[in-house]
Amino acid sequence: MDQNLVKELAAYTHTAEKEKREIVKITAELYKGLTIEDAYLIQEEVVKQKLAEGRKIIGPKMGITSEAKMKQMHVEDPIYGYVFDNMVVNEGDSISMDDYIHPKAEPEIGFILSKDLEGPDVTALDVLRATEYVFPAIEIIDSRYENFNFTLPDVIADNTSAAGAVFGTNLKRPDSLELEVVGVTLSINGEIQALGAGAAVLGHPANSVARLANMLSKKGEKVKAGQPILSGGITAAVKLSRGDFVSAKYGGLGDISFFVK
Ligand code: 0L1
Ligand code: MG
């Protein structure tokens, strides 16, 4: 793909994110033939543009990790993107609707590794052996595309809708829990809106981190020790509105929450 077009399309999604403005998906008109490989080139350029503006990568995130979402999008692989420093929301803090377009929240299980993991043959067992802590998290997704209407390459080029992350501080050793049966409820103003269990994430959230390591190895990168990793949504994402009190309650991992102003 032509490098100028990569830069132009990266600026298209990145500027929309900065200006909190909806855009039409790339594959509608701008570049109908966008492939997954092209889309990751655009994502890499978005990352470069953000780093050049002084942003810092906090950690990677996995997306489209449920069988239901993969089937819906006719894909066999999940996708990855990055959480940046300006996306981190402290547990118990407030976010402002003014900083987003049409945000949604999804509960996830986070991982912190004690050693780097390098693909291509990383397994869930390797991930669990390398995991120092797991923790509860809520990802805030905010597709820059109108009505969350996109194809898989579009969403990859939009850094997988990454917009916010609440990293809980209740760190647990991975062998203290059976992550696939860790249940979670996501409530808005005290009413449960979605629920699920860790197995919704590729059968086991450690499978998702293994897939991340194996996908990153295709471009010579690793999953790095110390970075918080979002392993993927356990439930459907729930739309947020001003005045919401958003809380996620996990079996064995505690509760996390934030407010929407
Ligand atoms: O983290 C995710 O699973 C979201 C990936 C992008 C799909 C979406 O925006 O709904
Ligand atoms: Mg997510």
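Me: Why is Ser 161 called buried?

Reply: The model is a predicted one. In it, Ser 161 has 24 other C-beta atoms within 10 Å. The label needs 20 or more. So Ser 161 counts as buried.

Me: Where does Ser 161 lie?

Reply: In the loop between α5 (152-157) and β7 (162-167).

Me: What makes the backbone of Ser 161 worth a look?

Reply: The phi of Ser 161 is near 65 degrees, a positive value, and the residue is not a glycine. Most residues other than glycine have a negative phi.

Me: Which other residue has a positive phi although it is not a glycine?

Reply: Leu 202 has one, of about 55 degrees. Leu 202 sits in the loop between β9 and α6.

Me: Is Leu 202 buried or exposed, and how do you know?

Reply: Buried. Leu 202 has 23 other C-beta atoms within 10 Å. The cut-off is 20 or more, so the label holds.

Me: What makes Ile 256 count as buried?

Reply: The count of C-beta neighbours inside 10 Å is 23 for Ile 256. Since 20 or more is the requirement, Ile 256 is buried. Ile 256 lies in strand β13.

Me: How far apart are Ile 256 and Leu 202?

Reply: They are 54 residues apart in sequence. In space they are 23 Å apart, C-alpha to C-alpha.

Me: Which residues does Ile 256 contact, leaving aside neighbours within four places in sequence?

Reply: Glu 91, Pro 136, Ile 138, Val 166, Gly 168 and Ala 248.

Me: What is the order of strands in the open sheet of five?

Reply: The order is β4-β13-β12-β8-β9, with mixed pairing. The edge strands are β4 (94-95) and β9 (191-197), since each pairs on one side only.

Me: How do you know that β4 and β13 pair?

Reply: Two bridges join β4 to β13 (residues 254-260). Pairing needs at least two bridges, so this count meets the rule. These two strands run parallel. Ile 95 has Val 260 as its bridge partner in β13.

Me: Which residue takes a positive phi in the hairpin of β12 and β13?

Reply: Gly 252, near 85 degrees. That hairpin has three residues between the strands.

Me: What is the bond from Gly 119 to Pro 120, cis or trans?

Reply: It is cis, with omega near 20 degrees. Most peptide bonds are trans. Pro 120 is placed in the loop between β5 (104-113) and α4 (124-130).

Me: Which residues touch the most other members of the largest nonpolar core?

Reply: Ala 137, Ile 138, Ala 165, Val 209, Leu 212, Ala 213 and Val 223. The core has 70 residues. Helix α6 (residues 205-216) gives the most to it, with seven. Beyond four places in sequence, Ala 213 touches residues including Leu 117, Val 122 and Val 223.

Me: How many residues surround ligand 1?

Reply: There are 13. The closest are Gly 63, Ile 141, Ser 143, Thr 160 and Ser 161. The elements giving two or more residues to this shell are β1 (57-63), β6 (131-141) and β10 (228-233). The shell divides into five nonpolar, six polar and two charged residues.

Me: Why does the radius of gyration of the chain agree with a compact globule?

Reply: For 261 residues, such a globule would have a value near 18 Å. The chain has 17 Å, so the two agree. Buried residues make up 46% of the chain.

How values were computed:
Residues are numbered from 1 along each chain as its sequence is written. Chains are lettered from A and ligands numbered from 1 in the order in which they are written. This is a predicted model: local features need pLDDT of at least 70, side-chain atom pairs count only at pLDDT 80 or more; totals for chains, interfaces and linings use all residues. Helices (H or I, at least four residues) and strands (E, at least two) are DSSP runs, numbered from the N terminus. A nonpolar core is a set of buried Ala, Val, Leu, Ile, Met, Phe, Trp, Tyr and Cys residues joined through C-beta atoms within 7 Å. A residue is buried if 20 or more other C-beta atoms lie within 10 Å of its own, exposed if 12 or fewer, and partly exposed in between; C-beta atoms are placed from the backbone. Two residues are in contact if their C-beta atoms, placed from the backbone, lie within 7 Å. A residue is near a molecule or strand if its C-beta atom, placed from the backbone, lies within 6 Å of it. Ala, Val, Leu, Ile, Met, Phe, Trp, Tyr, Cys and Pro count as nonpolar, Asp, Glu, Lys and Arg as charged, and the others, Gly among them, as polar. The radius of gyration is taken over C-alpha atoms; the globule rule is 2.2 Å times the number of residues to the power 0.38.
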